[in-house]
Amino acid sequence: MDLIIANSNYTRRLYQSYGFKVDKVIYPPVDTKRFKKWYKNVGNYFLFVGRLLIHKRPEIPLRVFAKIKNEKLIIVGDGPLRKLVEYYSKKFANISYLGSVSDRKLKELYSGCKAVIYLTEKEPFGIVPIEANTCGKPAIVSNEGGLPETIINGRTGLVLKPDYEKNLLKVLKDFNKYKFSPEACKRNAKKFDTSHFVRKLVRVISKIKRQSDD
């Protein structure tokens, strides 16, 4: 290989631990224009978006919202843990499961939520929190993988430390004390726009081509 590009500093460190030399980090593209016109005032629910897999940890928000019934959780996605999510949604009135939704519906959910909850295990990058920021909404993320690189703690969301269930419960009980600026969230999301990805990748490919021509 002429060059190895990682999709986050976390991924770069992971590759390097196996002896690979990583030359550059280029964050994956997020189509921020797709969400440009979507923003509503703060709604009355929190949102979980993602595949229902073990490493996505949907059980953490499920257990938390089962304890704080004055807050509402909406879950979007499908996967092996679907039955677990359905069980909680049937048992607790404040937990709603929508399954897979259309692109337009997802935009509506992003734009109307209080925050997105994304406590994934060792996520290399994580597009969902950036999509939430694009809609002017904060993201509550785990302090793992590439997530601390993309969400600014206290400004565009909250970066939780373990124990995640305990700390999520704590912040949700007093969530109104946090003041997140929709414009700050949108500015943060623009740093990961597709245009930046394309420009950086073209620059790298052009450099490799020049070196091969020489």
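Guide: Patches here are made of residues with over 30% relative accessible area and no salt bridge, with like charges joined within 9 Å and nonpolar side chains (Val, Leu, Ile, Met, Phe, Trp, Tyr) within 5 Å. Accessible areas come from the Shrake-Rupley method with a 1.4 Å probe, and for residues only the protein chains shown count as cover; a salt bridge is a side-chain nitrogen of Lys or Arg within 4 Å of a carboxyl oxygen of Asp or Glu. This is a predicted model, in which local features need pLDDT of at least 70 and side-chain atom pairs count only at pLDDT 80 or more, while totals for chains, interfaces and linings use all residues. Residues are numbered from 1 along each chain as its sequence is written, and side-chain values use heavy atoms, leaving out hydrogens and water.

The nonpolar patch on the surface is formed by Met1, Leu14, Tyr15, Tyr18 and Phe20, which together have about 630 Å² of accessible area. Of these residues, Phe20 lies in the loop that runs between helix 1 (9–17) and strand 2 (24–25), where helices (H or I, at least four residues) and strands (E, at least two) are DSSP runs numbered from the N terminus. With a relative accessible area of 44%, Phe20 is partly exposed, a class between buried (under 20%) and exposed (over 50%), with a 1.4 Å probe and protein chains only.

A patch of positive charge also lies on the surface, where Lys24, Arg199, Arg203, Lys207 and Arg210 gather; Lys and Arg count as positive and Asp and Glu as negative, with His and the chain ends not counted, and the place of a charge is taken as NZ of Lys, CZ of Arg, CG of Asp or CD of Glu. Helix 9 (residues 194–213) gives the most to this positive patch, with four residues. Arg203 has its place in helix 9 and is exposed, at a relative accessible area of 52%.
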